[in-house]
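Please read the following points alongside the sequence and the model. They concern two contacts, one within a chain and one between chains.

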Amino acid sequence: MKKELRVRPIKNGTVIDHIAAGQALNVLKILGIVGRTDAVVSAVTNVPSKAMGKKDIVKVEDRELAPHEVDKIALIAPSATINIIREYKVKEKHKVAPPNMIEGVVKCANPNCISNTKEPVTSKFTVDKHEKGVQLRCVYCERIISENIVEHLF
Amino acid sequence: MFTKKHIISMRDFSKAEIDVILKKAEELEPFAKGKKSNLLAGKILALLFYEPSTRTRLSFETAMKRLGGETINMISPEASSASKGETLADTIRVVSEYADVVVLRHSKEGSARMAADVSSAPIINAGDGAGHHPTQTLLDLYTIKRESHLENLSIALIGDLKYGRTVHSLAYALSLYGAKISLVSPEQLKMPDEIKSDLRKRGVDVSETTKLEDVISHVDVLYVTRIQKERFPDPSEYQKVAGTYRISAPLLKDAKDDMIIMHPLPRVDEIDADVDATKHARYFQQAFYGIPVRMAVLSLVLEAR
C-alpha cells in the first residue's frame, strides 16, 4: 500500500520536523508567522513517530529559516530538525541545538530586572539543558525560566 | 592569585577564590581594629547608594579609610543625575573614570552585573534589589570560619527561607564546603524546591522542619533571619508566623557549648536581648567582620586590576 502523505511535499521552503508534540503552534509563534505572512504554512500535530512517539511538523513554503530563528526554535523544540527544501529536494538538513547563551530573544520574567528598564541592556540568558528541555537563567538577575518559555519571547 | 575584576554574585566564585578572600580578611583584621595602614593610599572608592543602607555603606567607608584610601559619595539619589533622567549605565561610565573602585547599591536586580559591563573600574555589588549581596555572604563565611568551622559544618537557617536571598546565597556558598544544612521555616516561607534540589545536587545534606526545637541541640551555627512583614499580602498571615522563631536564653539550654548564633541584622524580635550576653551570641562580632572582609575585597580587586 502506498504510504499516505498527510501533508504534500513542498517545492521551496523549510520543513521543521521532530518538534515535540503540541509545540507546532508555538514554533509558528516564534517564527512570527501567525497573521503576518502570505506564505503557505502547514502545521501537523501528533504525528506518530518511531523516535518520539508523537511529533509535530511545520512546513513553511518559500521561506528559508535564518539562524537566529533556528536558535529560538531550539528553546521550545530542542529535538527539532530543520530541512531546507529547494525544488522538492532536501538541500540542507540540521538539528537545532540550543545555544549556550541567548541574547535579545527572551524577555526576563522578573519585572524588577535591570533588563526590563530603560537602561541600555540587551536581555541575556545562559541556557542549561535538563530532563524536560531547557532552562534559562538571566545573566543579570539570575531568575530562572524553565516552563512556558514561549510566553517570554519578545 | 585573585583575578576577579568585579564582585557581583557568589555564583561567580570558586571555593579557592573564596578562600583567598577569607585569608586576606584574616591578614587585614588587625587594621580593622585601628592599626595604621597605607595599603590603599591614593585610591578612591565611589559609593553609589541608590537605596538607603547604614551598615553596608558605613562599613565600606570604614574599610577604605582604615586602609588609607579615600571615599567619594553621592549625596542622595534625589540630588543626583538619576533624578534628571540619566541612566545608571551612563552614571557608572562617568563615575568609574573618577574613582578606582565603585560600590553600588541599587533597587533593580541585575544592576550590578550591568554596571560591570560598562564600568572601567571594578564594581562591588552592595545589594541589587532582592538580588545579591556577596560581601554579606563573604562576611557570613568569615564569621563561621573565625568563630566556628567551615568544614563539616552543621548549620540551621531560620526564618524567611523563601524570599530571603541572603540565605540562598549563603546556602549556595556553604555547598562548596560540604555543609549539613537544616532549614527551619514556617510552611509559607519554605525554601523554594529548585534551590533545595540544586543544593542536594551539590552534595549538601539538606533537611527541613518547622520546629526550632528539632535542630537546636545538634547544630554548630544558628543563622537567624528576620521575617519581613512586607512579604505578606495579608497582615493576619504575618501575625501568625511573626513570633514563631524567637530565640531566648532559656531555649538555648540544650545547645552545644560552642554553638554560635548569627544574624545579618537588623533584628526585630527574633533574638531576645537576653541572648546577647550568652556565650553563643556572635551577631555583633559578625557585623564587625564586615570591615576586614570588605577591606579584603577592596584590596584584592584593586590589586587584580
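How much area is buried between domain 1 of chain A and domain 2 of chain A, and what share of it do carbon and sulfur atoms give?

1. The area buried between these two domains of chain A is about 630 Å², with 84% of it given by carbon and sulfur atoms; buried area here is the accessible area (1.4 Å probe) that two parts lose on being put together, summed over both. This is a predicted model, in which local features need pLDDT of at least 70 and side-chain atom pairs count only at pLDDT 80 or more, while totals for chains, interfaces and linings use all residues. Residues are numbered from 1 along each chain as its sequence is written, chains are lettered from A in the order in which they are written, and side-chain values use heavy atoms, with hydrogens and water left out.

2. The domain assignment of chain A places domain 1 at 13-95 and domain 2 at 101-152, the bounds coming from an automatic or database assignment. Their contact (heavy atoms within 4.5 Å) takes 6 residues from domain 1 of chain A and 8 residues from domain 2 of chain A, and the domain centres, taken over C-alpha atoms, are 23 Å apart.

3. Between domain 1 and domain 2 of chain A there are 0 salt bridges, a salt bridge being a side-chain nitrogen of Lys or Arg within 4 Å of a carboxyl oxygen of Asp or Glu. On the side of domain 1 of chain A that touches domain 2, α1 (24-31) and α2 (67-76) each supply at least two residues, helices being DSSP runs of H or I with at least four residues, numbered from the N terminus.

4. Turning to the two chains, the contact takes 18 residues from chain B and 16 residues from chain A, and about 1400 Å² is buried between them, 46% of it on carbon and sulfur atoms. B:Lys108, B:Glu109 and B:Met114 supply 38% of the area that chain B buries against chain A, more than any other three residues.

5. Across the interface of chain B and chain A there is 1 salt bridge, in which the side chains of A:Glu142 and B:Arg113 meet at 3.5 Å, N to O. On the side of chain B that touches chain A, α3 (88-98) and α4 (111-118) of chain B are the elements that give two or more residues, and α4(B) gives the most, with 4 residues.
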